[in-house]
Amino acid sequence: MRVIPVDWGRLCNVLCTAAPEVRSDFTTGEVRTDRESGKPLYLVGVLVKVEGDRRAAVLDVEVAGEPVGLVEGEPVVLDRLEARPWEREGRSGVTYRAESITPARATTPPATATATAADSAGPGRSSGKGGAS
């Protein structure tokens, strides 16, 4: 399975920890774009905690198009969050991607939730910036 849906219902205290930053190729500096929409890809630092677990993790979550209205330290809603495992040139990791990231004050949590991947990645093991998309 190349894309693993993340169970939104098991996550709590979802906060923006880093403002949106355009994602660019490390070697060329070219802005990366979404294959389907052609929109530029952005990374947003998001703190997530699995309900009942003492630990939290900061994930770099990729989203197509620039998210607006995000404030560091404020709650956010991740619509259709997915984990995408990758392996390349002897390296591996998990990239996280959401259809949208919006301020929690502007929306309600999405009802479309399935299996969790946040447990398996653990803190510090998700590098959202180093993998192929």
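What share of the contacts in the protein with a separation of 6 or more comes from residues 24 or more positions apart? The answer is 67%, where a contact means heavy atoms within 4.5 Å. Before going on, note that this is a predicted model, in which local features need pLDDT of at least 70 and side-chain atom pairs count only at pLDDT 80 or more, while totals for chains, interfaces and linings use all residues. Residues are numbered from 1 along each chain as its sequence is written, and side-chain values use heavy atoms, with hydrogens and water left out.

Let's start with the layout. The protein has 8 strands and 1 helix, and along the sequence they run β-β-β-β-β-β-β-β-α. Helices (H or I, at least four residues) and strands (E, at least two) are DSSP runs, numbered from the N terminus. Of the 133 residues, 37% are buried; buried means under 20% relative accessible area, exposed over 50%, and partly exposed in between (1.4 Å probe, protein chains only). The accessible surface comes to about 7700 Å², and carbon and sulfur atoms own 49% of that. These areas come from the Shrake-Rupley method with a 1.4 Å probe, and for residues only the protein chains shown count as cover.

Now for the inside. In soluble globular proteins, nonpolar side chains tend to be buried together. Here the largest nonpolar core has 24 residues, a core being a set of buried Ala, Val, Leu, Ile, Met, Phe, Trp, Tyr and Cys residues joined through side-chain atoms within 4.5 Å. Val 14, Val 46, Val 61, Val 76, Leu 78, Leu 81 and Ile 101 touch the most other members. Strands E2 (11-22), E3 (41-50), E4 (56-64), E5 (76-79) and E7 (91-97) each give two or more residues to this core, and E3 has the largest share, with 5 residues. Take Val 46: leaving aside neighbours within four places in sequence, its contacts include Val 14, Val 61, Val 76 and Leu 78.

What about charges? The whole structure holds 6 salt bridges, each a side-chain nitrogen of Lys or Arg within 4 Å of a carboxyl oxygen of Asp or Glu. One of them joins Arg 97 and Glu 62 (3.6 Å, N to O). This pair links strand E7 to strand E4, 35 residues apart. Arg 97 is buried at 11% relative accessible area, and Glu 62 is buried at 1%. Both belong to a salt-bridge network that also takes in Arg 23 and Asp 34.

Arg 80 and Glu 99 make another bridge (3.6 Å, N to O). Arg 80 sits in the loop between E5 and strand E6 (82-88) and Glu 99 in the loop between E7 and strand E8 (100-103), so the bridge ties together parts that are 19 residues apart in sequence. Arg 80 is partly exposed at 45%, while Glu 99 is exposed at 51%. Glu 82 and Arg 84 also pair up (2.9 Å, N to O), with Glu 82 partly exposed at 22% and Arg 84 partly exposed at 27%.

Finally, have a look at Lys 49 in strand E3. Lys 49 is buried yet has no salt bridge, and the nearest side chain of opposite charge, Asp 53, is 6.6 Å away. (Lys and Arg count as positive and Asp and Glu as negative; His and the chain ends are not counted.) Still, the Lys 49 side chain reaches the backbone oxygen of Asp 53 at 2.7 Å. Beyond neighbours within four places in sequence, Lys 49 is in contact with residues including Arg 10, Leu 11, Cys 12 and Arg 55.

Notes:
Polar contact = N/O pair within 3.5 Å; in protein donor to acceptor, adjacent residues only side chain to side chain.
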